[in-house]
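Here is a short briefing on one structure. The points are grouped by topic.

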Amino acid sequence: MSKKDWFGIFYVSIWIVIWGSVGSVIDLPLLNADLYLPGSLGQIITFTLTALASTAIGILLFPKARRLVIKD
C-alpha cells in the first residue's frame, strides 16, 4: 500500500472517531434530560445529523490535510 492509501485510511478513521465522540457529547445531555430514549428516533436523528456535519467538514478539510502530509 502506498502512503496515499495509508493516509486515506487514517483520515477516515480519525473522522469516524470525531463523529462518534461529538455525537456522544451531544447525545448524553439529551438522554439525561429525557428528551428521548436510547435507540429511539431522536437518537438516530442526533447521530445522523452529527455524521452529516462531520462528513461535510471532513470533505472540506481533506485537500488541505492531504497537501500537508503528502508532497506530490
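Accessible areas come from the Shrake-Rupley method with a 1.4 Å probe, and for residues only the protein chains shown count as cover. By that method the chain exposes about 5300 Å², with carbon and sulfur atoms supplying 76% of it. The model is predicted: local features need pLDDT of at least 70, side-chain atom pairs count only at pLDDT 80 or more, and totals for chains, interfaces and linings use all residues. Residues are numbered from 1 along each chain as its sequence is written, and side-chain values use heavy atoms, with hydrogens and water left out.

**Overall build**

- The chain has two helices and zero strands. Both terms refer to DSSP runs numbered from the N terminus: helices are H or I with at least four residues, strands are E with at least two.
- The radius of gyration of the chain is 16 Å, whereas a compact globule of 72 residues would have one near 11 Å. The radius is taken over C-alpha atoms, and the globule rule is 2.2 Å times the number of residues to the power 0.38.
- Along its principal axes, the C-alpha trace spans about 50 × 20 × 15 Å.
- Of the 72 residues in the chain, 22% are buried. Buried means under 20% relative accessible area, exposed means over 50%, and partly exposed lies in between (1.4 Å probe, protein chains only).
- Among contacts in the chain with a separation of 6 or more, 60% come from residues 24 or more positions apart. A contact means heavy atoms within 4.5 Å.

**Aromatic pairs**

- A pair of aromatic rings is described by the distance of the centres and the angle of the planes.
- A search of the whole structure finds five aromatic pairs. Rings of Phe, Tyr and Trp (its six-membered ring) pair if their centres lie within 6.5 Å; planes under 30 degrees apart count as stacked, over 60 as edge-to-face and the rest as tilted.
- The ring centres of Phe7 and Tyr11 are 5.7 Å apart and their planes are at 35°, so this pair is tilted. Both residues lie in helix H1, four residues apart, about one turn of the helix. Phe7 and Tyr11 are both buried.
- Phe7 also forms a tilted pair with Phe62, at 5.8 Å centre to centre and 35° between the planes. This pair links distant parts of the chain: Phe7 is in helix H1 and Phe62 is in helix H2, 55 residues apart.
- Phe7 has a relative accessible area of 10% and is buried. Phe62, at 31%, counts as partly exposed.
- Phe7, Tyr11, Trp15 and Phe62 form one aromatic cluster.

**A buried serine**

- Ser54 is found in helix H2, which covers residues 41-69.
- Ser54 is buried because its relative accessible area is 10%.
- Leaving aside neighbours within four places in sequence, Ser54 is in contact with Trp15 and Trp19.

**Nonpolar surface**

- Phe10, Ile14, Ile18, Val22 and Ile26 form a nonpolar patch on the surface, with about 400 Å² of accessible area together. Patches are made of residues with over 30% relative accessible area and no salt bridge; like charges are joined within 9 Å, nonpolar side chains (Val, Leu, Ile, Met, Phe, Trp, Tyr) within 5 Å. A salt bridge is a side-chain nitrogen of Lys or Arg within 4 Å of a carboxyl oxygen of Asp or Glu.
- Ile18 sits in helix H1, residues 3-32. Ile18 is partly exposed, at 32% relative accessible area.

**Loop backbone**

- Most residues other than glycine have a negative phi.
- Asp34 has a positive phi, near 55°.
- Asp34 lies in the loop between H1 and H2 and counts as exposed at 64% relative accessibility.
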